[in-house]
Amino acid sequence: GPPPASPPPTTVGTLGQAFFCVLDHYYGGPGLRTQDLLKDAFAAYTRNLQKRGADVAGLRLPALTGDRDADWAAAARALGEGDPVALRAAIGGMVEGLRDNHARHETPRPPREGGLVGTGIVGASGISGPGLDPAARPPFFLTEIIEGSPADKAGIRAGDIVQAIDGVPVWVGDTLNPLLVEQVQRPSFTITLKRPTTGRVRTVKLTEGPLTPPERAVRVKDVSGARYVQLPGFYEGAADEVIATLRGGPKKVVLDLRGNGGGSPREVVRLLGAFAHGKVTSYFCAYDGSCTPNRTDDTVPLLGARLVVLTDRRCASACEDFSAAVQGHGIAPIVGTRTAGAVSGPAGPWLLDDGGVVLLPSVRHLGPGREIVDTVGVPADHQAPMTALDLATGRDPALRKALSLLGG
């Protein structure tokens with residue numbers, strides 16, 4: 001249900017809930033040291049106090065023994081009544097300390113009156129899975145702008161190269177500035193852009209406004225005798241939507257998964273069932289090493305179509321599950337770039353007493369050959385990255401390569 005308009009404050013007890021939740025329900029919980037969990041929590045707690053000028057004299061992380069109950073009791077005594085804002089930060093720091101791309105702490109907010117607002121910049125190169133791509137290289141350019149948004153009305157277009165935000169360069173040496181995500185989430189900021197087709201540089205002030213996000217749906221067109229299908233996510237019903245668009249159509253298919261952030265593993269095995277039967281698509285493994293195979297949904301009639309899959313660094317989670325399976329079984333070649341490497345395992349939500357949610361994977365994902373895909377990604381069989389100039393001029397080298405492979 002919707003979060004309460006005035007959620008209860010975060011207490012030391014809430015932090016305790018999160019602490020035991022991680023130990024009991026996280027995939028790696030049996031191997032975690034309570035000392036490490038509480039160290040990460042206290043580090044985030046004290047940093048938050050210092051930032052707010054509210055540090056507490058005598059607050060220290062007490063001696064810990066590795067006994068979960070005794071260690072928590074000692075930590076709770078040291079925290080006393082605790083600071084609600086710093087305690088929320090502590091939960092976040094503890095979960096971030098797991099270094100798991102599917103583990104996170106969220107505090108749901110009530111729906112905003114008047115609907116969704118934002119600047120309309122919703123995609124950029126250098127974004128991989130849940131954050132900035134550590135393998136990103138210049139230039140940093142925009143890939144998706146919502147139609148009718150403040151950015152669209154300001155004349156900002158896909159392919160525009162970002163040189164600075166609020167005057168701060170986006171690159172620190174050859175690394176993306178980690179402050180980027182925080183900067184573009186502000187209600188208002190300036191952005192300096194270079195148009196790749198003309199070389200023109202301009203600085204635009206953007207202020208968030210009403211947004212009408214595009215419908216989350218499959219997009220289809222026929223190109224050079226092949227059916228091109230763009231799938232934005234493995235949301236509920238996505239597999240059947242794609243299959244319906246392919247029934248009775250051309251026997252050459254290009255499935256575009258670029259920008260697909262993932263979704264349900266059930267949709268993955270169902271869509272794979274349209275292209276192959278009797279295949280293990282991936283494994284979900286417990287901490288003790290036992291693994292459960294996931295298999296193609298063989299109730300889906302085979303399409304008998306040739307397939308090429310397009311991927312990029314924004315293809316993550318269930319998208320990588322699908323890509324690893326088609327590549328591992330030789331079902332289809334992959335064209336584009338290596339995927340995000342953000343597929344640790346599907347996460348389940350655990351509700352805390354302050355209305356916050358801790359999301360934790362209870363299993364680890366392995367590819368169809370029991371290979372590790374998480375943090376590594378699925379490599380492209382044929383490299384065809386999209387450049388800023390390609391986006392600005394409407395060219396698509398990956399689609400062009402896919403059609404050549406299909407003989408289109």
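Helices (H or I, at least four residues) and strands (E, at least two) are taken here as DSSP runs, numbered from the N terminus. On that basis the secondary structure of the protein amounts to eleven helices and 24 strands. The radius of gyration, taken over C-alpha atoms, is set against a globule rule of 2.2 Å times the number of residues to the power 0.38; at 23 Å it is close to the 22 Å that the rule gives for 408 residues, so the protein is as compact as a globular protein of that length. Along its principal axes the C-alpha trace spans about 70 × 55 × 40 Å.

The model is a predicted one, in which local features need pLDDT of at least 70 and side-chain atom pairs count only at pLDDT 80 or more, while totals for chains, interfaces and linings use all residues. Residues are numbered from 1 along each chain as its sequence is written, and side-chain values use heavy atoms, with hydrogens and water left out.

Of the 408 residues, 47% are buried, where buried means under 20% relative accessible area, exposed over 50%, and partly exposed in between (1.4 Å probe, protein chains only). If contact is understood as heavy atoms within 4.5 Å, residues 24 or more positions apart account for 69% of the contacts with a separation of 6 or more.

The domain assignment, whose bounds come from an automatic or database source, gives domain 1 (12-99), domain 2 (117-210) and domain 3 (219-345 + 362-407). The C-alpha centres of domain 1 and domain 3 lie 39 Å apart, and the contact between these two takes six residues from domain 1 and six residues from domain 3.

Helix H9 (residues 318-328) has nine of its eleven residues buried, so this helix is largely enclosed by the rest of the structure. Among the buried residues are Cys319, Asp321, Phe322 and Ala324, and the cover over the buried part of H9 includes strand S16 (252-256), helix H8 (265-272), strand S17 (280-285), strand S19 (306-311), strand S20 (334-336) and S23. After H9 comes Gly330, which has a positive phi near 65 degrees.

Leaving aside neighbours within four places in sequence, Glu371 is in contact with Ala324 and Leu366. Glu371 is itself partly exposed, with a relative accessible area of 31%, and its C-alpha atom is separated by 9.4 Å from that of Tyr283, 88 residues apart along the chain.
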